[in-house]
Amino acid sequence: MLKVLFVASEAHPLIKTGGLGDVAGSLPAALQAQGCEVRLLLPGYRAAIERAGPVTTVARIASPQLAGHIHLLECRLPDTEVTAWLADYGPAYDRAGGPYLDPLGHPWEDNAERFALLAHVAAAIALGQAGVSWQPDVVHANDWQTGLTPVFMMNAAQRPATVFTIHNLAYQGLFDQAMLARLGLPESLWTPQALEFHGQLSFIKGGLVFCDMLSTVSPTYAREIQTPDLGFGLDGLLRYRTDRLVGILNGIDDKEWDPAHDPQISRNYDFNRIREKLTNKRALQVEYGLTPDPRAPLIGMVSRLVRQKGVDLALASVPYLLQGPAQLVFLGLGDRDYENTLQALAKRHPGRVAARIGYDEAAAHRIESGADMFLMPSRFEPCGLNQLYSLRYGTVPIVRRVGGLADTVVDATEENQRAATATGIVFDGDSPAALVAALARALSLYRDPNRWVSLMVRGMQQDFSWRASAQRYIDLYHSARQLHH
Ligand code: ADP
Ligand code: GLC
């Protein structure tokens, strides 16, 4: 049985800020369902430990950089058979605020130390130095927060195979040069061939340079990051390692996101009972003070409010939408400017535009179930999960043709409608005009109930469960093991 140590900085439902949390909260269980034995390693944030329920301490790990020990707390990842380990070190993780940002929204000043610690614990477990009687065949690290994992294992005579998944190349974990020594890393790593990136220490390069195999979360994004446009300065390195890089589409937790059984929505439905969705639409309109009109096209957006997500494009399209009967509901958290603009818009257009600034998992489910359309005009999107949830909930996605959006939504061209493959609206270009044209197409289809319902139903019938992708990860683990031995 293949033993996998899955290392991440967040995992739903213990701690989540975005899609990485969804993936780390669901892929390990899917791997186990296909015969792997997985341990999930997370930082012991205060919020995660509180949510974990009963825990037992299974190891005490020392680090030369730290006073005191790191306690490895064991629990069950809720609603799964997966064993999770929380690296509990109070000075790093026992605080109010998010995993990456302080309560004012600034990155924690000691993020380098906090996530080097996570990598250190992962390496100690992987090398059998943590005092637990379990050792992995493969260590699977995710995003920059775990990038130093293979670096801390580099000099071991024997080590497990290593895999690194890029969920978002835009976040790289860049710190001052002085941090190299502070983290106890050798001077020899200060070269562009290792951890240096334009005069800074790059955590993500640890993963990209030193792991046996690399993956990212969609085939299109795997190609895009090898180009200067979306490579964020790392495209050269990724082209150099192209034979080690694969794109594996994210799956979704199809129990958690299932309109037929979701306890967080007003009325359950599936593609045979699609009219029931209207009950959720009405509930959503009432919840947000929108005019409860069943015929008004209701457009939802749930997103981190950052440039990546094309929030500015969405905002620019509002005047156009307000010329017709459409209604809009936004749920998000992020850049203050976007938050303020959204709130001002909602105030100016009560009954038509609603904005909720905050992070609210249940509210995200209610928007997916109640909206007619879901907006995702992202500038880049490694995979994206919201469009997958939207498809499942019969909420037609309107997306830009990038990354995982291009790989998962089939545009409603005349031809694709005739071929019965269309599932949403896909547009090119990043101008407000391009989005407005896409919205116009969506609204015109919406006025044709037969066409619209067939789009909804086809979306609901797609299979984005983890089954196929979990198998691809297992293949990837085997490749990593072969290359490494
Ligand atoms: P990303 O990881 O880039 O933020 P994804 O589409 O992969 O984008 O995943 C976003 C996840 O985070 C989804 O599960 C989405 O519902 C959730 N999410 C984002 N913002 C919020 C919010 N404000 N409230 C609740 N859930 C949110
Ligand atoms: C990142 C990406 C998103 C992806 C998620 C999970 O946050 O921005 O596109 O779905 O990771 O892989």
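Which helices and strands each supply at least two residues of the shell around ligand 1? In this predicted model, they are α1, β13 (298-305), β14 (327-334), α12 (361-370) and α13 (386-392).

**Figure 1. The shell of residues around ligand 1 in the predicted model.** Ligand 1 is surrounded by 21 residues. G19, D22, R304, K309 and G358 are the closest of them. Among the secondary-structure elements, β13 gives the most to this shell, namely three residues. Sorted by class, the shell consists of seven nonpolar, seven polar and seven charged residues.

**Figure 2. The shell of residues around ligand 2.** Around ligand 2 there are 13 residues, of which H167, N250, E381, C383 and G384 come nearest. Helix α1 (residues 19-33) contributes three residues, the most to this shell. Helix α1 also supplies at least two residues of the shell around ligand 1. By class, five residues around ligand 2 are nonpolar, six are polar and two are charged. Domain 1 (3-251 + 466-484) and domain 2 (274-460) each provide at least three residues of the shell around ligand 2.

**Figure 3. Polar contacts of ligand 2 with N168, P382 and G384.** N168 has a polar side-chain atom 3.3 Å from an oxygen atom of ligand 2. Two further contacts involve the backbone: a polar backbone atom of P382 is 3.4 Å from an oxygen atom of ligand 2, and a polar backbone atom of G384 is 2.8 Å from an oxygen atom of ligand 2. The accessible area of ligand 2 on its own is 310 Å², and the protein covers 94% of it.

**Figure 4. The aromatic pair of W85 and W134.** Across the whole structure, 14 aromatic pairs are found. In the pair of W85 and W134, the ring centres are 5.8 Å apart and the planes stand at 85 degrees, an edge-to-face arrangement. W85 belongs to strand β5 (residues 83-88), while W134 sits in the loop between α4 (111-126) and β6 (138-142); the pair thus links distant parts of the chain, 49 residues apart. W85 is buried because its relative accessible area is 3%, under the 20% cut-off. W134, at 8% relative accessibility, also counts as buried.

**Figure 5. The aromatic pair of Y446 and W452.** Y446 and W452 pair edge-to-face, with 5.3 Å from centre to centre and 80 degrees between the planes. The relative accessible area of Y446 is 16%, so this residue is buried. W452 has a relative accessibility of 4% and therefore counts as buried.

**Figure 6. An aromatic cluster.** One aromatic cluster is formed by Y100, F115, W144, F175 and F203.

Methods
Residues numbered from 1 in each chain as written. Chains lettered and ligands numbered in written order. Predicted model: local features only at pLDDT ≥ 70, side-chain atom pairs only at ≥ 80, totals over all residues. Heavy atoms only, no water. Near = heavy atom within 4 Å. Polar contact = N/O pair within 3.5 Å; in protein donor to acceptor, adjacent residues only side chain to side chain. Areas by Shrake-Rupley, 256 points an atom, 1.4 Å probe, with all protein chains shown as cover. Helix = DSSP H or I, 4+ residues; strand = E, 2+ residues; numbered from the N terminus. Nonpolar A, V, L, I, M, F, W, Y, C, P; charged D, E, K, R; others polar. Domains from an automatic or database assignment. Phe/Tyr/Trp six-rings, centres within 6.5 Å; stacked < 30°, edge-to-face > 60°. Buried < 20%, exposed > 50% of the residue type's maximum accessible area, 1.4 Å probe, protein only.
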